[in-house]
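Work through the exercises below with the sequence and the model open. Each task is followed by a solution in steps.

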Amino acid sequence: MDSFQLQALLTHAESSGKAYLEFLRVPDLSLGLYQLKTGAVDPQQPHDQDEVYFVVAGKAEIEVGEESQKVEHGSIVYVPARVPHRFLNIYEDLKVLVFFAPEESN
């Protein structure tokens, strides 16, 4: 069994200095923590996997295809595979759990 504590993941991600920290990978799923600072530009490109975002902290907007909406703590967003998407207007440091299915390809 794998088990994770959110606070420990946040601490580890902060100390890594990387925007994305993957913490689980199995053939049908991968999970990571994605962080963007206030005012940052989200550089991500569409992925070949379905994706779910769960916002654990911060405030921003997300654009998925032609639609956009505000997100904050507790927001959950589904992004279908290969659909362009990105976070915009990051008002408060953003911390997001990311679920890829199947696992994200590198």
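**Exercise 1. Asp 93 and its salt bridge**

Task: Is Asp 93 buried, partly exposed or exposed, and with which residue does Asp 93 form a salt bridge?

Solution. 
- Step 1. Asp 93 has a relative accessibility of 32%. Buried means under 20% relative accessible area, exposed means over 50%, and partly exposed lies in between (1.4 Å probe, protein chains only). Asp 93 therefore counts as partly exposed.
- Step 2. This is a predicted model, in which local features need pLDDT of at least 70 and side-chain atom pairs count only at pLDDT 80 or more, while totals for chains, interfaces and linings use all residues. Residues are numbered from 1 along each chain as its sequence is written, and side-chain values use heavy atoms, with hydrogens and water left out.
- Step 3. A salt bridge requires a side-chain nitrogen of Lys or Arg within 4 Å of a carboxyl oxygen of Asp or Glu. The partner of Asp 93 is Lys 37, with the closest N and O atoms 3.9 Å apart.
- Step 4. Helices (H or I, at least four residues) and strands (E, at least two) are DSSP runs, numbered from the N terminus. Asp 93 is in strand β6 and Lys 37 in the loop between β2 and β3, so the bridge ties together parts 56 residues apart in sequence.

**Exercise 2. The salt-bridge network**

Solution. 
- Step 1. The network consists of Glu 14, Lys 37, Asp 93 and Lys 95.
- Step 2. One of its links is the bridge between Glu 14 and Lys 37, at 3.8 Å from N to O. Glu 14 belongs to helix α1 and Lys 37 to the loop between β2 (29-36) and β3, and the two are 23 residues apart.
- Step 3. Glu 14 is partly exposed at 41%, and Lys 37 is partly exposed at 47%.
- Step 4. The structure holds five salt bridges, including one between Arg 25 and Glu 22 at 2.8 Å, N to O. Arg 25 is partly exposed at 34%, as is Glu 22 at 31%.

**Exercise 3. Aromatic pairs**

Task: How many aromatic pairs does the structure contain?

Solution. 
- Step 1. Rings of Phe, Tyr and Trp (its six-membered ring) pair if their centres lie within 6.5 Å; planes under 30 degrees apart count as stacked, over 60 as edge-to-face and the rest as tilted. A search of the whole structure gives four pairs.
- Step 2. Among them is the pair of Phe 4 and Phe 23, edge-to-face, with 4.8 Å between centres and 65° between planes. Phe 4 sits in the segment before α1 (6-16) and Phe 23 in strand β1 (residues 20-26), 19 residues apart.
- Step 3. Phe 4 is partly exposed at 35%, whereas Phe 23 is buried at 17%.
- Step 4. Tyr 53 and Phe 87 have ring centres 5.0 Å apart and planes at 70°, so this pair is also edge-to-face. Tyr 53 lies in strand β3 (residues 50-64) and Phe 87 in strand β6 (residues 85-101), 34 residues apart.
- Step 5. Tyr 53 is buried at 1%, and Phe 87 is buried at 2%. Together with Tyr 20 and Tyr 34, they form one aromatic cluster.

**Exercise 4. Lys 70**

Task: Is Lys 70 buried or exposed, and which residues is Lys 70 in contact with beyond its neighbours within four places in sequence?

Solution. 
- Step 1. Lys 70 is part of strand β4 (residues 67-72). Its relative accessible area is 63%, so Lys 70 is exposed.
- Step 2. With those neighbours left aside, Lys 70 is in contact (heavy atoms within 4.5 Å) with Ala 60, Glu 61 and Tyr 91.
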